[in-house]
Amino acid sequence: MMSKKRLTGVLAAVLITSAMLAGCSSDNSDTNANTEASGAGEEQKPTYTFRLAESHPADYPTTLGDKKFAELVSQKTDGRIKIEVFPSAQLGEEKAVIEQVQLGAIEFTRVSTGPLAEFNQAFGVFSLPYIFDNEEHEWNFLNGPEAQKMLEDLSDSKFMGLAYYDSGARSFYTRKPVTSMDDLKGMKIRVIQNKVNIDLMSALGASATPMPYGDVFNALQTGVIDGAENNWPSYFTSKHYEQAKHIIVDGHQRVPEVLMVSQVTWDKLSDADKQAIKEAAVESIPYQREQWKKFEKDAEDQVRAAGVTVTEVGDLAPWQEAVKPMIEKYRADYKDVLAAIENAKTK
Ligand code: GTR
């Protein structure tokens, strides 16, 4: 008789396989239909319907980028490759989605490089604080060869990185007023789960509480955490600003987003289809960045209008000083990439 453990394993394998087939099965029938319609002898190109998991709502700038990407893929493949965008974490929270993409059960996703760092250590560099001076510095680096190679090297973790998307800068927001770095001491701050974030919070004297994004609103409401951190658009759309009404704008991290595809899916595609998908991803970037700019401003205006207390940090030097030792701790791991980031500084 099969042991319970083994049976669970088999069931899991069956579920995964059927999920993978679900992504492509209708495609085979489409392909067959095409073959019949166009007659024998002509080379048939397969059709596909893929899913793209997105944690943000339908009108959020990353979701708009995803949709633009899907539209361009469809255009470039004469409608043969259809990518359906599932917003609002319908397919799960980021970490669970990344696992599913690794297995090929979900084909595409847009995720933050924050949770991705637990799957591909190189991406942890983006969680190091104050490494980018501003948006221009960040994008100089993202468009350069080292950051592009990181996308390709995602294949070591069973993904193919297609493009970076903008995500602005993250700042702290809390239930109780915080107007200086010292006020954060002893507070429980929700972070995206990764090693670097945990060290960052200790460096600031706070304690890191990792949890999925979708749980943060309740945790703020019930006081399980004292605060969290994010960019203006997420602070706004998640409604965290209703519970954590004090924001201190230190912009500690610029953690870009990544559009990526499962290696399992990627390996099934023809070179021409891979090319079309890559091009579509790259062409969707300017649109996403434009949407980001608009929405970021709008989100900030809206939370200010809602009466949130905003403290601008005039002098970042004490913050940067406080995190220096933790950055040094990671220097050996990220030596080359940190040098490339330094070189990408705009004069
Ligand atoms: C947002 C990011 C999400 C998610 C979230 C979080 O800025 O776009 O993908 O990572 O932060 O804090 O979990």
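Mentor: The model is predicted. Let us begin with the word cavity: a cavity is a set of grid points where a 1.4 Å probe fits but cannot get out, and its lining residues have an atom within 4 Å of a point. The domain bounds used below come from an automatic or database domain assignment.

Trainee: What makes up the lining of the largest cavity by class?

Mentor: The lining of the largest cavity holds three nonpolar, seven polar and five charged residues. Gly counts as polar in this scheme.

Trainee: How many cavities of 30 Å³ or more are there, and what volume has the second largest cavity?

Mentor: Three cavities reach 30 Å³ or more. The second largest cavity has about 40 Å³ of space, and the residues lining this cavity include A53, E54, L91, V97 and R110. Helix α3 (94-103) and strand β3 (108-112) are the elements that give two or more residues to its lining; β3 gives the most, with three residues. By class, that lining has five nonpolar, three polar and three charged residues.

Trainee: What makes a space a pocket instead, and what volume has the largest pocket?

Mentor: A pocket is an open set of points with protein on both sides within 12 Å along at least five of seven lines. The largest pocket contains about 390 Å³ of space. Its lining consists of 16 residues, with Y130, I131, I327, R331 and E342 nearest the centre. The lining of the largest pocket comprises eight nonpolar, one polar and seven charged residues.

Trainee: Where does the second largest pocket lie, and which element gives the largest share of its lining?

Mentor: The second largest pocket lies between domain 1 and domain 2, because both give residues to its lining. This pocket has about 310 Å³ of space. Of its 19 lining residues, A169, V249, D250, G251 and R254 are the closest to its centre. Strand β9 (246-253) and helix α12 (271-305) each supply at least two lining residues, and β9 provides the largest share, four residues.

Trainee: Why is a set of residues called a nonpolar core, and which members of the largest core touch the most others?

Mentor: The members must be buried residues of the listed nonpolar types, joined through side-chain atoms within 4.5 Å. The largest nonpolar core has 75 residues, of which F69, F126, F141 and Y164 touch the most other members. Strand β4 (residues 159-165) gives the most to this core, with six residues. Both domain 1 and domain 2 give residues to this core, so it lies between them. Leaving aside neighbours within four places in sequence, the contacts of F69 include L52, F108, L162 and I277. Apart from this core lies another of 19 residues, among them Y173, W232, F236 and V303.

Methods. Residues are numbered from 1 along each chain as its sequence is written. This is a predicted model: local features need pLDDT of at least 70, side-chain atom pairs count only at pLDDT 80 or more; totals for chains, interfaces and linings use all residues. Side-chain values use heavy atoms; hydrogens and water are left out. On a 1 Å grid over the protein atoms alone, a cavity is a set of points where a 1.4 Å probe fits but cannot get out, and a pocket is an open set with protein on both sides within 12 Å along at least five of seven lines; lining residues have an atom within 4 Å of a point. Grid points are joined across faces, edges and corners, and a volume is the space filled by probe spheres set on the points. Buried means under 20% relative accessible area, exposed over 50%, partly exposed in between (1.4 Å probe, protein chains only). Contact means heavy atoms within 4.5 Å.
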